[in-house]
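Have a look at the model first.

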Amino acid sequence: MTDSSTPSRDIDRVAAGLAACLPALHRALDRQVTARYPHPKPPEGQLALLRFVAQHEGTTVREAAEALLMKPNNVSALVSQLTEQGDLERRRDSGDKRIAHLHLTATARERISEVRDLETAFIRHALTSLTEGQQGALGSALDALDALTRHLHPGAR
């Protein structure tokens, strides 16, 4: 007879493992990128906004706030900072002048690309130290991780 609590224990084990592993993975990757990135690293909130705008060119402050689970006034403050730094442009909506659409500057687009390339290179290098089975397991888990992300953060994709 099987123990009916086994699936629950497995889910608890996976949940606890992911809760511990994912932030540690993010911090480790962030430290490596920061050490090699030749420009000052923006604070996490600014970086999240820049990445979102890179994926959703022309988004509004409200849309970005909803997707990033932030208050619109906080995103508006980030937009002001990034505009002053020359990383973002606000372009007025042709139909409603109260609405501004956000666009990355060429410099910000290059820097986001540099960060993405560094992240990919560090992960690629780390993956080569794993067994083929571990690499395959991670590859197989990508769809499930994307689905988990969408469930926890509906605006993520």
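Predicted model: local features only at pLDDT ≥ 70, side-chain atom pairs only at ≥ 80, totals over all residues.

Residues are numbered from 1 along each chain as its sequence is written, and side-chain values use heavy atoms, with hydrogens and water left out.

**Helix 3 and its partners**

Let's start with helix 3, residues 61-68. Helices here are DSSP runs of H or I with at least four residues, strands are E runs with at least two, and both are numbered from the N terminus. Two packed helices are described by the angle between their axes and the distance between the axes. The axes are lines fitted to C-alpha atoms, for helices over the stretch in contact, and the angles run from 0 to 180 degrees between N-to-C directions.

Helix 2 (residues 44-55) and helix 3 have axes that come within 11 Å and cross at roughly 115°. That makes helix 2 roughly perpendicular to helix 3; the label covers 65 to 115 degrees, with angles under 35 counting as roughly parallel, over 145 as roughly antiparallel and the rest as oblique. Which residues make the contact? From helix 2 come A48, L49 and F52, and from helix 3 come E63, A64, A67 and L68; contact means heavy atoms within 4.5 Å. By class, this contact has six nonpolar residues, no polar ones and one charged. For those classes, Ala, Val, Leu, Ile, Met, Phe, Trp, Tyr, Cys and Pro count as nonpolar, Asp, Glu, Lys and Arg as charged, and the others, Gly among them, as polar.

On to helix 4 (residues 72-84), which packs with helix 3 at an angle of about 115°, their axes 9 Å apart. Helix 3 is therefore roughly perpendicular to helix 4. The crossing of helix 3 and helix 4 is right-handed. Here V61, R62, A64 and A65 in helix 3 meet P72, V75, S76 and V79 in helix 4. The residues of this contact divide into six nonpolar, one polar and one charged.

Which residues of helix 3 are buried? They are V61, A64, A65, A67 and L68, where buried means under 20% relative accessible area, exposed over 50% and partly exposed in between (1.4 Å probe, protein chains only). These buried residues pack against helix 2, helix 4 and strand 2 (100-104).

L69 has a positive phi of about 55° although it is not a glycine. Is L69 buried or exposed? L69 is exposed, with a relative accessible area of 61%.

**Salt bridges**

Side chains of opposite charge can pair when their charged atoms come close. The working rule for a salt bridge is a side-chain nitrogen of Lys or Arg within 4 Å of a carboxyl oxygen of Asp or Glu. A search of the whole structure finds six salt bridges, and the table shows some of them.

| E44 | K41 | 3.7 Å |

E44 is partly exposed at 39% relative accessible area, and K41 is partly exposed at 30%. In the next pair, E89 is partly exposed at 32%, and R91 is partly exposed at 41%. R98 is exposed, with a relative accessible area of 72%.

T107 lies in helix 5 (residues 106-127) and counts as partly exposed at 41% relative accessibility. T107 and G86 are 21 residues apart along the chain, and their C-alpha atoms are separated by 8.0 Å. A126 is in helix 5 too, and A126 counts as partly exposed at 42% relative accessibility. The C-alpha atoms of A126 and L138, twelve residues apart along the chain, are separated by 12 Å.

Notes:
Left-handed = near helix turned anticlockwise from the far one by under 90°.
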